[in-house]
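Then follow the stops below.

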Amino acid sequence: MIPSDNHVHTSFSTDSTTPMEAQLLRAKALGLPSLCFTDHMDYKFPSRRRAVEFLFPVDKYFSAIQKLQEKYPDIPLRTGVELGLKRDVLPQCLALTGSHPFDFVIGSTHLVDDIDPYYPEYWEAHGETGGISRYYQVTLENVQMDFDFDVYGHLDYVLRYCPAIKAARETESVAESFFHQNFENNKEIIAEILQCLISRGKGIELNTGGLKYGLGHPNPHEAILSLYRDLGGEIITLGSDAHQEQHLAYDFAKVPEILLRCGFSCYTEFHRRRPVQFPII
Ligand SMILES: [Zn+2]
Ligand SMILES: [Zn+2]
């Protein structure tokens with residue numbers, strides 16, 4: 001069975017123009033058993049490059065999902081959110097999750113010192129090795145704070161935009177050695193991040209956005225997924241990070257094999273913030 005997609009963006013996200021209904025119709029066409037919307041809520045996203053804020057109207061979001069559910073009762077919908085975590089938005093994030101009955105909350109690092117690694121100036125400022133390690137440092141700070149989330153999103157998001165990997169996508173062997181070196185360089189801090197998540201009862205996700213970006217791996221890389229499992233982690237959710245309907249459940253056919261290879265026998269969905277586990281096969 002194809003698992004459900006638990007990381008899905010719609011036009012409620014500032015960087016998507018895809019109607020919620022289009023994602024739902026695509027999910028039905030693919031035969032997904034259910035769908036969890038997780039639009040972006042990035043408080044205090046710097047407006048240097050974007051004139052609009054990365055926020056959505058929460059009440060409208062809940063009522064739009066409820067209306068869609070009434071129109072299409074045959075596919076269960078869940079209401080999630082992807083929170084952009086950073087030090088100065090803890091009160092806003094806690095106020096949001098404390099006041100609305102979300103099913104699922106993803107916490108993600110999108111900004112490092114208020115710059116998204118998506119932009120070349122991030123890499124100009126830090127260099128490649130420094131840019132990657134700074135990302136993990138900030139991620140560790142975020143997981144050590146008291147944010148209220150269920151899983152950490154795309155734990156090695158920074159690699160999506162890393163210039164060396166971008167340049168090496170055509171030469172698989174170069175990219176593989178880079179991934180290996182990179183993991184070895186940052187293994188200690190990655191383990192610390194994962195241990196902190198495990199001790200707080202939080203999971204990570206397998207995000208197939210990395211495969212869509214041409215990394216040849218999900219986010220995070222299988223080495224990180226395996227390390228999480230080896231350290232005792234059991235909560236892993238599945239998501240495509242689709243911003244367009246054609247990317248919904250992207251490469252999900254590859255997911256069972258990846259999970260099994262990394263030591264997992266179950267994957268997790270969140271219903272009303274409670275983990276529900278499903279066997280992989
Ligand atoms: Zn994200
Ligand atoms: Zn996302």
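Two strands pair if DSSP finds at least two bridges between them. Strands (E, at least two residues) and helices (H or I, at least four) are DSSP runs, numbered from the N terminus. This is a predicted model: local features need pLDDT of at least 70, side-chain atom pairs count only at pLDDT 80 or more, and totals for chains, interfaces and linings use all residues. Residues are numbered from 1 along each chain as its sequence is written.

**Stop 1: the sheet.** Select N207. It stands opposite G239 in β7. Now show all of β6 (residues 203–207): β6 and β7 pair in the parallel sense over four bridges. Widen the view to the open sheet of seven strands, in the order β1-β2-β3-β4-β5-β6-β7, with parallel pairing. β1 and β7 (236–239) stand at the edges with a single partner strand each, so one side of each has no neighbour in the sheet.

**Stop 2: helix α1.** Select residues 20–30. Which residues of α1 are buried (20 or more other C-beta atoms within 10 Å of their own, C-beta atoms being placed from the backbone)? They are M20, Q23, L24, R26 and A27. These cover an arc of only 160° around the axis (taken from the directions from the axis to the C-beta atoms), which puts them on the same side of α1. They pack against β1 (5–8), β2 (35–41) and α2 (58–71). Next comes G31, which follows α1 and has a positive phi, near 80°.

**Stop 3: V105.** Leaving aside neighbours within four places in sequence, V105 is in contact (C-beta atoms within 7 Å) with residues including G80, L83 and F149.

How values were computed: Chains lettered and ligands numbered in written order. Buried ≥ 20, exposed ≤ 12 C-beta atoms within 10 Å, placed from the backbone. Contact = placed C-beta atoms within 7 Å.
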